There are 4 protein chains.
Amino acid sequence: MRILFLGDIVGRAGREAVMASLPGLRRTLRLDLVVVNGENASHGFGLSPAIAQDLFAAGADIVTLGNHAWDRKDLIGHIDAEPRIIRPANYPPGTPGQGSALVTLVDGRKALVINVMGRQFMDALDDPFRAVADILARHRLGVTVQAVVVDIHAEASSEKWAMGHVLDGRASLVVGTHTHTPTADHRILPGGTAFQTDAGMCGDYDSVIGMGKDAAIARFLRRMPGERLQPAEGQASLAGIMVETDDATGLARRVAPLRMGGLLAPTTPDF
Amino acid sequence: MRILFLGDIVGRAGREAVMASLPGLRRTLRLDLVVVNGENASHGFGLSPAIAQDLFAAGADIVTLGNHAWDRKDLIGHIDAEPRIIRPANYPPGTPGQGSALVTLVDGRKALVINVMGRQFMDALDDPFRAVADILARHRLGVTVQAVVVDIHAEASSEKWAMGHVLDGRASLVVGTHTHTPTADHRILPGGTAFQTDAGMCGDYDSVIGMGKDAAIARFLRRMPGERLQPAEGQASLAGIMVETDDATGLARRVAPLRMGGLLAPTTPDF
Amino acid sequence: MRILFLGDIVGRAGREAVMASLPGLRRTLRLDLVVVNGENASHGFGLSPAIAQDLFAAGADIVTLGNHAWDRKDLIGHIDAEPRIIRPANYPPGTPGQGSALVTLVDGRKALVINVMGRQFMDALDDPFRAVADILARHRLGVTVQAVVVDIHAEASSEKWAMGHVLDGRASLVVGTHTHTPTADHRILPGGTAFQTDAGMCGDYDSVIGMGKDAAIARFLRRMPGERLQPAEGQASLAGIMVETDDATGLARRVAPLRMGGLLAPTTPDF
Amino acid sequence: MRILFLGDIVGRAGREAVMASLPGLRRTLRLDLVVVNGENASHGFGLSPAIAQDLFAAGADIVTLGNHAWDRKDLIGHIDAEPRIIRPANYPPGTPGQGSALVTLVDGRKALVINVMGRQFMDALDDPFRAVADILARHRLGVTVQAVVVDIHAEASSEKWAMGHVLDGRASLVVGTHTHTPTADHRILPGGTAFQTDAGMCGDYDSVIGMGKDAAIARFLRRMPGERLQPAEGQASLAGIMVETDDATGLARRVAPLRMGGLLAPTTPDF
Ligand SMILES: [Fe+2]
Ligand SMILES: [Fe+2]
Ligand SMILES: [Fe+2]
Ligand SMILES: [Fe+2]
Ligand SMILES: [Fe+2]
Ligand SMILES: [Fe+2]
Ligand SMILES: [Fe+2]
Ligand SMILES: [Fe+2]
């Protein structure tokens with residue numbers, strides 16, 4: 001299976017880049033599954049149902065979230081009706097929405113996508129390691145599902161690496177989000193799981209992690225509330241990771257980063 | 001000026017990779033200045049004076065530190081006698097050592113190297129932005145010094161990006177350390193400063209940020225003290241960033257990541 | 001000098017209790033100086049200029065603040081014109097307002113009031129210990145000022161106790177705020193400084209630290225944004241501490257807690 | 001049932017005060033149940049099996065713990081054999097020891113004691129509210145057990161107040177520990193549960209939360225490792241709370257703080 005994951009889409013700049021490029025990428029990269037993190041798609045804070053719809057229309061199969069999951073109040077009432085939008089699985093029982101989604105491709109192959117959030121320097125959610133284990137206990141990679149993609153939305157690199165190793169051999173791809181900075185450590189772990197600490201953001205990198213520089217800098221310098229943070233509106237880069245898996249095992253055969261447009265050095269998977 | 005910065009050297013694996021490769025890199029890349037972060041060089045925790053000496057012998061001009069600066073007690077009494085080892089500048093007044101170092105190259109050019117620590121999710125140090133501004137107030141890039149290199153040792157990507165933009169035009173290179181994960185966002189900011197959110201670590205990537213997997217994972221799963229963390233001892237990758245500056249302005253002309261050996265996809269500056 | 005300090009006033013319930021009782025307390029307790037923490041006076045979040053005026057009219061000489069200092073935007077433009085409202089002294093240079101105030105009593109005696117904020121589990125401000133030391137370097141207790149009152153607004157009890165000991169002999173009273181819970185450890189430290197870890201709040205204790213129970217509890221249980229937090233509106237308790245100092249030294253002769261009304265066990269200074 | 005709870009016992013000073021006074025208090029206060037928090041009993045860090053034995057010999061029925069539960073490695077192998085020592089219930093499954101204990105008094109009445117840890121500003125444990133609910137689901141206050149005592153070991157006052165209200169009517173006493181500072185807010189909540197935000201510590205209050213002043217202060221001023229923290233060795237205060245419950249309902253009839261010896265203003269329950 002050929003899978004593309006794109007990191008946190010930030011604001012209009014990020015959205016437009018995704019919508020302009022994703023349909024073409026789906027074709028040229030012959031993608032079977034596209035997962036995007038949409039927690040900052042609506043003006044930097046949260047995901048509105050309408051914008052989620054745009055992302056699906058552009059070719060996303062599943063949209064994941066993170067600590068900004070509930071910034072848009074209109075999503076709270078909508079998420080239970082839209083299984084293609086998933087929020088971190090380790091929110092407490094009773095939280096709207098689901099932490100995973102099962103996708104059936106047109107050819108019948110199945111992929112399981114899981115979203116989970118780290119706890120180091122973040123909110124006090126349930127144990128992310130047990131949350132993922134609980135979901136995976138209901139599926140078998142290479143048997144009941146041909147691919148498993150895990151978006152670990154976390155601050156600390158250590159927690160993301162640990163998640164990668166814990167899932168090594170049980171997921172096709174473990175990829176981090178949340179720092180809005182792509183890491184250059186894509187690799188296939190010893191057990192066959194593709195891993196990258198952070199996918200990076202889809203947004204304008206002439207910014208402070210996607211938000212306008214002046215207001216964001218002022219918060220560090222002044223330590224008092226200032227101008228509202230607004231997404232930067234310059235040309236966005238797409239940032240993500242592509243994996244090709246072996247359907248027999250669900251493990252990764254090839255992995256490569258994708259970075260296009262904007263200020264990042266470009267790189268496109270060559271497989 | 002041709003400058004190489006290498007990120008956090010972790011344990012024996014990281015040290016040996018640096019010592020094996022740096023002499024050759026100094027020649028082949030015609031490096032004028034080499035700065036390495038050594039906060040994890042001594043068995044993952046701190047920097048002993050003897051290991052610092054090894055790093056200098058291998059070709060490092062300056063060794064920077066971070067939150068592990070004082071893990072080795074023998075460094076505390078030594079650092080005032082060794083101006084080539086610097087610790088974050090924003091420790092409170094009276095802290096041993098210096099937060100910056102002025103290097104005079106054999107040809108007489110001068111470079112200023114600054115180490116500073118972020119505060120987001122980290123210890124309550126003094127304001128890193130004012131600490132750097134205070135040091136820069138005594139130097140003029142392109143006039144009194146031909147290069148300024150800033151190692152911002154920080155957890156949060158936002159704080160590192162903010163530091164980059166605040167210093168844009170006033171430093172040759174602003175590079176982050178501490179996450180032990182190289183980022184793929186090397187670029188030259190609009191004002192001419194080269195930037196990369198994190199240099200990555202020089203160490204074994206088959207690990208949890210350089211430390212042995214089992215013990216590190218157990219800390220996330222069990223939430224009680226367990227086996228002591230030990231550096232992973234497999235083949236290390238070097239991870240860093242190279243910059244070529246214009247001596248007339250001190251600003252960056254070219255920037256490229258360097259990643260060699262071990263599990264990272266290799267890349268070497270082509271200039 | 002006879003000094004009363006009242007902890008964080010929360011919402012209408014807290015304000016009304018202060019306004020109803022303070023004029024009488026000023027007389028019956030023969031108070032020379034009244035300091036109140038007003039960071040939650042305006043509907044739980046911040047202090048409006050009009051409410052500050054009410055507190056002064058009721059008998060407060062100085063109003064201190066804390067991490068909610070800037071919740072009311074109208075205070076930001078007002079604070080420089082009202083030296084009787086002080087914000088934590090360890091905000092960075094350039095922050096509106098002052099971190100201390102010098103009060104001249106009608107009989108000519110002078111009192112210095114300082115507000116400072118802890119950093120443990122709180123925002124990354126400047127060093128509170130150095131901030132207070134810098135202010136105290138310009139005054140001499142028992143010589144240029146007859147009393148020094150320090151409001152250390154902090155989360156961690158350890159940081160507050162440390163501040164008490166550091167200032168022991170150099171302040172008349174060091175009292176904590178922010179936890180909204182009065183502590184039962186009022187005492188005179190060995191050097192003569194009265195100390196209490198937290199003054200407690202002036203507000204309705206049938207609440208979660210002053211705010212309505214249901215919404216506050218829901219945040220712990222559900223980990224997603226819910227109903228807006230609103231101050232509880234039941235009968236408020238006043239909570240604070242009274243000190244009598246020796247004008248010749250500025251040190252404390254007697255200290256006692258004051259707790260009146262509402263759900264707390266009542267206690268009134270008997271001197 | 002007549003219940004005494006004593007807060008964190010710190011080091012030799014705290015232990016000796018408990019051992020000297022508790023046998024007499026058991027008699028004079030006609031106590032049926034004594035619970036003490038022992039997380040700092042062994043030189044300030046953890047609880048050794050031998051010291052636990054001393055506390056039982058002095059009259060403690062149950063010893064609770066907290067974030068220092070595992071500082072003494074010899075407790076880890078011992079705790080499963082000693083059901084009278086309990087650790088926070090919200091450690092992950094598989095953690096040694098239990099989070100609650102059922103005590104049968106000599107007259108046959110039963111009391112359930114629960115230890116749980118907050119998460120605000122603390123380690124990422126499981127949800128403390130659900131952990132307590134799970135335990136309480138197996139018991140009925142006033143029916144299967146005559147009393148329920150909950151030690152909520154937490155930093156944030158808000159989390160402790162929230163726990164009190166959530167358990168109001170389902171526990172006899174909810175009392176906080178960890179700040180080492182007794183709060184003056186003992187009361188009976190509307191549903192009949194006695195509550196105090198923090199019991200305070202049993203230790204020397206001429207200290208920084210029980211530890212020697214100089215070393216503790218140096219950590220705030222210098223931000224680098226210094227002298228080892230050692231418990232202060234001056235005369236200790238006992239600090240705790242006493243409750244008398246109605247055996248028919250298990251709810252609190254009377255509540256009063258107990259503070260004896262050392263530097264705290266003394267207070268003894270008069271019932
Ligand atoms: Fe995020
Ligand atoms: Fe994000
Ligand atoms: Fe490091
Ligand atoms: Fe570090
Ligand atoms: Fe407050
Ligand atoms: Fe506060
Ligand atoms: Fe404790
Ligand atoms: Fe504790």
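Here are a few friendly notes on a predicted model, covering one chain contact and one annotated site.

1. Let's start where chain D meets chain B. Each chain brings residues to this contact: 15 residues from chain D and 15 residues from chain B. Together they bury about 1200 Å², and carbon and sulfur atoms give 66% of that area. On the chain D side, Arg223(D), Met224(D) and Pro225(D) lose the most area to chain B, together 45% of what that side buries.

2. Two salt bridges are found between chain D and chain B. One of them joins Asp123(D) to Arg223(B), with 3.1 Å between the closest N and O atoms. There are also four residue pairs in polar contact between the two chains. In chain D, α3 (73-76) and α6 (213-222) each supply at least two residues of the side that touches chain B. By class, that side has 10 nonpolar, one polar and four charged residues.

3. Now to chain A. An unreviewed UniProt entry lists Asp8(A), Glu39(A), Asn40(A) and His180(A) under "binding site". These residues are spread over 173 residues of sequence, yet they cluster in space, with a largest C-alpha distance of 11.2 Å.

4. Asp8(A) sits in the loop between β1 (2-6) and α1 (11-28). Asp8(A) is buried, its relative accessible area being 0%. Beyond its sequence neighbours within four places, its contacts include Glu39(A), Asn40(A) and His180(A).

5. Asn40(A) lies in the loop between β2 (33-37) and α2 (49-58). Asn40(A) is likewise buried, at a relative accessible area of 2%. Among its contacts beyond four places in sequence are Asp8(A), His68(A) and His180(A).

Notes: Residues numbered from 1 in each chain as written. Chains lettered and ligands numbered in written order. Predicted model: local features only at pLDDT ≥ 70, side-chain atom pairs only at ≥ 80, totals over all residues. Heavy atoms only, no water. Contact = heavy atoms within 4.5 Å. Buried area = accessible area lost by both parts, 1.4 Å probe. Salt bridge = Lys/Arg side-chain N within 4 Å of Asp/Glu carboxyl O. Polar contact = N/O pair within 3.5 Å; in protein donor to acceptor, adjacent residues only side chain to side chain. Helix = DSSP H or I, 4+ residues; strand = E, 2+ residues; numbered from the N terminus. Nonpolar A, V, L, I, M, F, W, Y, C, P; charged D, E, K, R; others polar. UniProt positions renumbered as here; feature names shortened; annotations may be inferred. Buried < 20%, exposed > 50% of the residue type's maximum accessible area, 1.4 Å probe, protein only.
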